[in-house]
Amino acid sequence: MELLSVPTDAELMALAGEVAEAVQAAKLMLVTAESCTGGWIAKALTDLAGSSAWFDAGVVTYSYEAKEALLGVNPRTLEQTGAVSEETVLEMVSGALARFGAGVAVAVTGIAGPSGGTPDKPVGTVWIGWKRRGGYAHARQFRFDGDREAIRRQTVAAALAGLRKALTE
């Protein structure tokens, strides 16, 4: 778990641009599955002109029902581990790839606050998952500090940085 500084709009756009270049170089389409960021990752990516050439879809799923219906998350996973867990984000990212024609996906789920945290999962707890079609899903837990916007900004940055890494390694 690492703490990142709160990125500016310019820093998020620069990261999105790097992801765009990497997705295009890999000749892939990208899909996002978002919970706590509410579509911010998809917005950052589609703010780039020409994104329709490499951005396939973005899904925002806050409720258990939406995660199940739109991403295929197993209801037992949600009951046993909760929405903010490694198991859930892995099922979200895998489900996003299974439901769309993209070749790479990112998924995020977390507690942006200001309420909703528990001793085990305090506000700022975020799981991010990445997967390339034909590969294994990878997930990482983060603990971000700050208010709701700061936590969400850091989540978007970490998701984009992880995508860049997944596409360039």
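The residues that line the second largest pocket divide into 6 nonpolar, 6 polar and 3 charged, where Ala, Val, Leu, Ile, Met, Phe, Trp, Tyr, Cys and Pro count as nonpolar, Asp, Glu, Lys and Arg as charged, and the others, Gly among them, as polar. The lining comprises 15 residues, of which Tyr 62, Val 84, Gly 110, Ile 111 and Ala 112 lie nearest the centre of the pocket, and the space within the second largest pocket is about 190 Å³. A pocket is here an open set of points on a 1 Å grid over the protein atoms alone, where a 1.4 Å probe fits, with protein on both sides within 12 Å along at least five of seven lines, and lining residues have an atom within 4 Å of a point. The model is predicted, and local features need pLDDT of at least 70, side-chain atom pairs count only at pLDDT 80 or more, and totals for chains, interfaces and linings use all residues. Residues are numbered from 1 along each chain as its sequence is written, and side-chain values use heavy atoms, with hydrogens and water left out.

Helix α3 (residues 64–71) packs against helix α5 (residues 86–99) at an angle of about 40°, their axes being 9 Å apart; helices are DSSP runs of H or I with at least four residues, and strands are runs of E with at least two. To this contact (heavy atoms within 4.5 Å) α3 contributes Lys 67, Glu 68, Ala 69, Leu 70 and Leu 71, and α5 contributes Thr 88, Glu 91, Met 92, Gly 95, Ala 96 and Arg 99. By class, 5 nonpolar, 2 polar and 4 charged residues make up the contact of α3 with α5.

Ile 41, in helix α2 (residues 40–46), is buried at a relative accessible area of 1%, buried meaning under 20% and exposed over 50%, with partly exposed in between (1.4 Å probe, protein chains only). Beyond its neighbours within four places in sequence, Ile 41 is in contact with Thr 32, Glu 34, Val 106, Val 108, Val 156, Ala 159 and Leu 160. Gln 154 of helix α6 (residues 148–168) is likewise buried, at 2% relative accessibility, and a polar atom of the Gln 154 side chain lies 2.8 Å from the backbone oxygen of Asp 145.

Two backbone features were found in loops. Lys 27, in the loop between α1 (9–25) and β1 (30–34), has a positive phi of about 55° although it is not a glycine, and Lys 27 is exposed at 74% relative accessible area. In the loop between β3 (104–110) and β4 (125–132) lies Pro 114, which is joined to Gly 113 by a cis peptide bond with omega of about 10°.

How values were computed:
Grid points are joined across faces, edges and corners, and a volume is the space filled by probe spheres set on the points. Axes are lines fitted to C-alpha atoms, for helices over the stretch in contact, and angles run from 0 to 180 degrees between N-to-C directions. A polar contact is a pair of N or O atoms within 3.5 Å; within protein, one must be able to donate a hydrogen and the other to accept it, and residues adjacent in sequence count only if both atoms are side-chain atoms.
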